[in-house]
Amino acid sequence: MDRKYQIDTPENRSFLKDSAEGLLSFGHRFPSPRGSSYYLGDDGTPWTDRPRETWITARMTHVYSLGEMLGHEGSHDLVEAGLTGLLGELKDTKNGGWYPGVTSEGKPLPDKQCYAHAFVILAASSAMLAGHERAKALYADATSTFLTRFWDKERGLTYDTWNTEFTRLDPYRGINANMHTVEAFLAAADATGDETFRRRAGRITDHVILFAENNGWRIPEHYTADWVPDLDCNKDHPDDQFKPYGATPGHGIEWARLITQYALSTYDTDEERAPYLDAAKALYRRAVTDGWNADGAPGIVYTTDWDGTPVVHDRMHWTLAEAINTSSCLYHVTGDAAYAKDYADFMQYLDSTVMDHVNGSWFHQLDAAGHPLTTVWPGKSDLYHALQSMLIPTYDPKVSIARAVRDQKLL
């Protein structure tokens, strides 16, 4: 196999660096005049008729904070634009917190989402590390709002969705928001030194490991208010953008990396880390076995049922990005050559099929034959998953990526 796909080779590091630079160059047109993020089309042209969403704006603020610390030209101003959006039109100054987004005319969208608020914490943490003074106020407000409204300190898990006024809590509970909360809490701890966030991330992690172990290492995604798994949720809408039916192999893979990061950053001995690393390895292997080439064609299927049979065969770009991240992470932690082989396979598929070598960035949704689709993810909304996967393989897996980039904690 071509050495540019093989982990830790000079050729692979060069490929990752060039690809990261290309991604950062692609997204320069994301800010609207008021800072919130436009949805980007296939060639990076803003789709001005679509809502401008908080989670995308936060992700792009995080992305260009990384870009700034990597020395990518223009990143500072793009971070400032994102901060303007998050501190301005996306913020609910009456009820607190952040709207899910605003319409193309600037009208707030309803409800308050844990998912979006987690990304605001991530954005603020990264922007602080990049040296942006306004990020400090954003961080203080975001963490205060999150701990007041979304953190269930009794259970050690998060609530999912409130109405706009924070007066009515939806009974749905979900793992996706908890996953990105773990990411945000680990980033907050690494950015500020406040270890209470790492401990909170650990409480979520312990729950998720138990949920997964009790379900054959296929993580139930959807729950009732009492955290009883709802295994039939959205069975009649299996390709839902945020709440698909069944198991999501990409999330099993992503959780494996976050669990590994938590264990490495929290515990000093192999004995203490072992249960977490064992869980991470089990989650990764279950997900890759279920999802990768599951229907005879390259790529990771979006979802499976509870015995591992593919349900939605589409390939989402973010699942491949997380597979690249986690295979590299587990290889560096364990030294097991099986992860290096997986990594090379994923990188080859990325280069041959998922990268858009004409317009830039990655195709966000493909069918099993590798043809672009637009049913779930039209256009190229953000760069978060793709950029991180071009960085994480070369940085210390113990540290959140923004802190690792700032401190140059290269492997």
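## Sheet β11-β12-β13

In this predicted model, three strands form an open antiparallel sheet, ordered β11-β12-β13. The edges are β11 (301–304) and β13 (365–366), each of which pairs on one side only. Strands of a sheet pair through backbone hydrogen bonds, either parallel or antiparallel.

Two bridges link β12 (residues 310–316) with β13 in the antiparallel sense. Here Met316 stands opposite Gln365 of β13.

## Nonpolar core

The largest nonpolar core has 121 residues. Those with the most contacts inside this core are Tyr64, Trp255, Ile324, Met347, Leu350, Trp362 and Met390. Helix α4 (residues 114–129) supplies the largest share of the core, 12 residues. In soluble globular proteins, nonpolar side chains tend to be buried together.

Leaving aside residues up to four places away in sequence, Trp362 touches several nonpolar residues, including Leu23, Ala321, Ile324, Leu350, Val354, Met355, Ala386 and Met390. Trp362 also touches His317, Asp356, Lys380 and Ser389.

## The Lys380–Asp356 pair

Two of the residues that Trp362 touches, Lys380 and Asp356, form a salt bridge with each other through their side chains (2.7 Å, N to O).

## Other salt bridges

The model has 24 salt bridges. Side chains of opposite charge can pair when their charged atoms come close. One of the bridges joins the side chains of Glu11 and Arg3 (3.1 Å, N to O). Glu11 is partly exposed at a relative accessible area of 34%, and Arg3 is partly exposed at 41%.

Another salt bridge is formed by Arg406 and Asp407, with the closest N and O atoms 2.9 Å apart. Arg406 has a relative accessible area of 40% and counts as partly exposed; Asp407, at 28%, is partly exposed too. Elsewhere, salt bridges with shared partners join Arg34, Arg52 and Glu89 into one network.

## Surroundings of Ser36

Ser36 is found in the loop between α1 (10–26) and β1 (39–40). With a relative accessible area of 0%, Ser36 is buried. Its side chain makes a polar contact with the side chain of Glu89 (2.4 Å), and Glu89 is a member of the salt-bridge network with Arg34 and Arg52.

Not counting residues up to four places away in sequence, Ser36 touches Phe30, Pro31, Arg52, Thr57, Gly85, Glu89, Leu90 and Val102.

Conventions: Residues are numbered from 1 along each chain as its sequence is written. This is a predicted model: local features need pLDDT of at least 70, side-chain atom pairs count only at pLDDT 80 or more; totals for chains, interfaces and linings use all residues. Side-chain values use heavy atoms; hydrogens and water are left out. Two strands pair if DSSP finds at least two bridges between them. Helices (H or I, at least four residues) and strands (E, at least two) are DSSP runs, numbered from the N terminus. A nonpolar core is a set of buried Ala, Val, Leu, Ile, Met, Phe, Trp, Tyr and Cys residues joined through side-chain atoms within 4.5 Å. Buried means under 20% relative accessible area, exposed over 50%, partly exposed in between (1.4 Å probe, protein chains only). Contact means heavy atoms within 4.5 Å. A polar contact is a pair of N or O atoms within 3.5 Å; within protein, one must be able to donate a hydrogen and the other to accept it, and residues adjacent in sequence count only if both atoms are side-chain atoms. A salt bridge is a side-chain nitrogen of Lys or Arg within 4 Å of a carboxyl oxygen of Asp or Glu.
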